[in-house]
Amino acid sequence: MNCIHLLKTTLSCFEHFISQPVILIIDGEIIFSYDSSEDIKYFFYKNESYLKKQTADISQPILLKYGLVHLMVFPIETKMKNCQALLFVSYPYHNDAHHYITCLIETVSLIIQKKYIEELFALEIQQLSEREKQIFSLF
């Protein structure tokens, strides 16, 4: 199963529990769940530059309002310097959904890290001292 297929499946599963549309953007690539409506897809494609501008450097969840559309935007920790991942959830949502959203964020973070495991490994090695690198190369 490729990464995008896994992400779409994961988003669809959690979308049923949250009862709200869920969209993920990773490095500018919009990933919709399988259940996303055409209206939501149209909104994201039509307003892509606005959404990128409003969410360029977020580090905390923010409420994004655009006309009648309200979206809660959650940044997702990827441990990658050049990889930004954002989860958009239609707002308002029931307070009970927050637990599912937290689980979804953790799950998506793990999937992204799995996708970029080689880059993560290279970053970890770069952080080693010269002596640690020498010892590591012996294994």
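Colleague: How much of the protein chain is buried?
Modeller: Buried residues are 39% of the 139 in the protein chain. Buried here is under 20% relative accessible area, exposed is over 50%, and partly exposed is in between, with a 1.4 Å probe and protein chains only. Keep in mind that this is a predicted model, where local features need pLDDT of at least 70, side-chain atom pairs count only at pLDDT 80 or more, and totals for chains, interfaces and linings use all residues. Residues are numbered from 1 along each chain as its sequence is written, and side-chain values use heavy atoms, with hydrogens and water left out.

Colleague: Switching to the fold: how many helices and strands?
Modeller: There are 6 helices and 5 strands in the protein chain. Helices are DSSP runs of H or I with at least four residues, strands are runs of E with at least two, and both are numbered from the N terminus.

Colleague: In what order do the elements run?
Modeller: Starting at the N terminus, the order is α-β-β-α-α-β-β-β-α-α-α. The C-alpha atoms fill a box of roughly 60 × 30 × 25 Å along the principal axes.

Colleague: What about helix α4, how far does it reach?
Modeller: Helix α4 covers residues 97–115, so 19 residues, and goes 27 Å from its first C-alpha to its last. That is close to the expected 27 Å at 1.5 Å a residue, the expected span being 1.5 Å times one less than the number of residues.

Colleague: Which residues of α4 are buried?
Modeller: Ala97, Ile101, Leu104, Ile105, Val108, Ser109, Ile111, Ile112 and Gln113.

Colleague: Now charges. How many positive and negative side chains?
Modeller: The protein chain has 12 positive and 16 negative ones, and the centres of the two sets lie 4 Å apart. Lys and Arg count as positive, Asp and Glu as negative, while His and the chain ends are not counted. Each charge is placed at NZ of Lys, CZ of Arg, CG of Asp or CD of Glu.

Colleague: And how many salt bridges?
Modeller: The count is 3, where a salt bridge is a side-chain nitrogen of Lys or Arg within 4 Å of a carboxyl oxygen of Asp or Glu. One joins Lys41 to Glu38, with the closest N and O atoms 3.8 Å apart. Another pairs Lys52 with Glu48 at 3.5 Å, N to O. Lys133 and Glu130 also form one, at 3.9 Å between the closest N and O atoms.

Colleague: Where do Lys41 and Glu38 sit?
Modeller: Both are in helix α2 (residues 38–46), 3 residues apart, which means about one helical turn between them. An α-helix has 3.6 residues a turn, so residues three or four places apart point the same way.

Colleague: Where are Lys52 and Glu48, then?
Modeller: In helix α3 (residues 48–54), 4 residues apart, about one turn. Lys52 is partly exposed at 45%, and Glu48 is partly exposed at 27%.

Colleague: Last one: where does Asp57 lie?
Modeller: In the loop between α3 and β3 (62–66). Asp57 is exposed, with a relative accessible area of 76%.
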